[in-house]
Amino acid sequence: MSGGTEFGQKLKTEVEAIAAETGVEQGGLDTPMTIWAESGRPWRERLEPMGVNREVDYLMTACWIVMAYLSAMRDVEVRMLGRDCAFTEPGDDGRIRHRIRGRVYKHRGLSGDEAEWVVLDIAPRPSPSFSNCTTTPTTCSATGAPRTPDIS
């Protein structure tokens with residue numbers, strides 16, 4: 001057996017022993033459930049531990065769609081957004097301008113160039129959810145998948 005497999009087996013054994021001692025419950029998150037009027041039952045199952053990761057992926061996908069659609073950013077430009085990328089500033093006419101700061105990659109090489117997009121006021125709203133779902137400044141998913149530019 002390799003070292004990684006032995007460690008994984010040891011960890012699994014320890015987790016199973018703790019679960020046997022303390023017990024486990026389905027769900028893990030005691031969230032209020034909205035009742036679906038047509039059926040009189042909750043509209044979805046309770047969140048189980050593995051389901052949380054799936055829901056985070058759904059949230060990130062929804063945020064990506066809103067950001068990409070309302071800003072006209074390319075896929076890699078949205079994926080590479082950093083924390084606190086959205087900001088406001090007054091325009092020349094005194095009106096508030098909503099902006100997103102990031103990097104543009106098309107025809108700019110692997111490192112890209114800094115860029116700003118002026119967007120509708122609703123476009124930056126997913127930004128906190130999107131960036132809070134990242135685990136580090138260099139990842140774009142809660143699972144830790146690397147954020148690398150795809151400039152093909």
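Is H107 buried or exposed? In this predicted model, local features require pLDDT of at least 70 and side-chain atom pairs count only at pLDDT 80 or more, whereas totals for chains, interfaces and linings use all residues. Residues are numbered from 1 along each chain as its sequence is written, and side-chain values use heavy atoms, with hydrogens and water left out.

H107 counts as exposed, at 76% relative accessibility (exposed means over 50% relative accessible area, buried under 20%, and partly exposed in between, with a 1.4 Å probe and protein chains only). This residue is placed in the loop between β4 and β5, and its phi is positive, near 60 degrees, although H107 is a residue other than glycine. A positive phi of about 65 degrees is likewise found at A72, which is not a glycine. A72 belongs to the loop between α2 and α3 (75–79) and counts as exposed at 63% relative accessibility.

The protein chain contains four helices and five strands, in the order α-β-β-α-α-β-β-β-α from the N terminus; these are DSSP runs (helices H or I, at least four residues; strands E, at least two), numbered from the N terminus. Of the 152 residues, 26% are buried.

The largest nonpolar core has 12 residues, among them M73, I100, V104 and W117. Such a core is a set of buried Ala, Val, Leu, Ile, Met, Phe, Trp, Tyr and Cys residues joined through side-chain atoms within 4.5 Å. Two or more residues each come from α2 (49–71), β4 (96–104) and β5 (113–119), and β5 gives the most, with three. Beyond four places in sequence, W117 touches residues including M73, I100 and V104, a contact being heavy atoms within 4.5 Å.
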